[in-house]
Amino acid sequence: MAISDLALIEAWKDVLTLSKLTAGEQVCLLVSDDSNPQLVATVRTAVGQLGGVLTILHLPPLNGDVALSRDKSGYVGHTALKGNRAALEAMKHSDLVIDTMLLLFSPEQDEILKTGARMLLACEPPEVMLRMKPTLDDARRAGNAAARLAKAKTLTVTSKAGTDFRCSIGQYPVLKQQGFVDTRGGWDHWPSCFVATWPDEGTCEGTIVIDTGDILLPFKRYAREPIRIGIEGGWIRSIEGGFEAEYLRSYMESFNDPDAYAMAHVGWGLHKRAHWTTLGLYDREAGLSMDARSFWGNFLWSSGPNTEAGGTRNTPCHMDIPLRGCSLSLDGEPMTIDGKVIPEDQK
Ligand SMILES: [Fe+2]
């Protein structure tokens, strides 16, 4: 369903107010040729009404000739900022950067954040943004989960489908996504609500079973049969099953990059207005599928880059795979059981 400009302007004002935008702050709006025009138009009005000093930076598209899809997360790591010092300096001198083109996973994003600029990624369809508009209650749940994750030493996941996975954690920072960004040098994503971290190097072991109905991103498809992922020493060593496994293997092989097989972020979804079903109702090119990444109680695991966590793996191949029905524990304490969030302070 279409969303009125007025509704989206009001939503932007709510999210920018949660993001502590104040009059006179320097706001850089980053757009590219595939940015959503309604998001761009409405945020301009909202920033203006809140007194922000706006600069719009329009960068040319990149990677269209090497990516295998139009999904913004389908080819990551190398952005239009590479070699563009003028654009990079503009963002480094901003208080708030609103990213509608997806700089995530790029070394340049890290460089911008280190200056103290805060960044908000926003590139889902307007009606999804509105349905999943962040609240302080989302931030409370994500904050409580992140605090537990920051203290934990081991993360384990099991499922009735056969997942039996474990890793040590603590080497890399916690990733908390709550939908708005209210801290200096912080990064966040509207719409989202989940927590994750990156496993300690070399410690991932076991099996992850992607069951029928689980979601593969950026394929934006529900698995139609199980896929067994064998993991040793932090790396994916085998991908077994039928057609689904063959497709995943071939896709990953096409990048010809050993780093594609590294285990990346692991965590769980906490968004109560995100739905497992939404993916089946949308055109694949409509957005990033943040419903899938953040629905309440999922186990979201991923492969490939770790530049977002301060690491050096900058591979463009990044799979995000949210699973249903998993039981995830930190140091033996359940965070989810059979896909349901357990701690009261995350409900
Ligand atoms: Fe990811």
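**Salt bridges in a predicted model**

Good morning. Let me begin with Lys114, which is exposed, its relative accessible area being 68%; here exposed means over 50% relative accessible area, buried under 20%, and partly exposed in between, with a 1.4 Å probe and protein chains only. The model is a predicted one, in which local features need pLDDT of at least 70, side-chain atom pairs count only at pLDDT 80 or more, and totals for chains, interfaces and linings use all residues. Residues are numbered from 1 along each chain as its sequence is written, and side-chain values use heavy atoms, with hydrogens and water left out.

Lys114 forms a salt bridge with Asp110, with 3.1 Å between the closest N and O atoms. The term denotes a side-chain nitrogen of Lys or Arg within 4 Å of a carboxyl oxygen of Asp or Glu. Asp110 and Lys114 lie 4 residues apart in helix 4, so about one helical turn separates them. Asp110 is partly exposed, at 27%.

Helices (H or I, at least four residues) and strands (E, at least two) are DSSP runs, numbered from the N terminus.

Next, Lys92 and Glu111 meet through their side chains in a salt bridge of 2.9 Å, N to O. This pair links distant parts of the chain, with Lys92 in helix 3 and Glu111 in helix 4, 19 residues apart.

Which residue meets Glu25 in a salt bridge? The partner is Arg118, at 2.8 Å, N to O. Arg118 belongs to strand 4, while Glu25 sits in the loop between helix 1 and strand 1, 93 residues apart. Arg118 counts as buried at 7% relative accessibility, and Glu25 counts as buried at 15%.

Finally, the structure holds 22 salt bridges. Asp137, Asp138, Arg140, Arg141 and Arg273 are joined in a salt-bridge network. Thank you.
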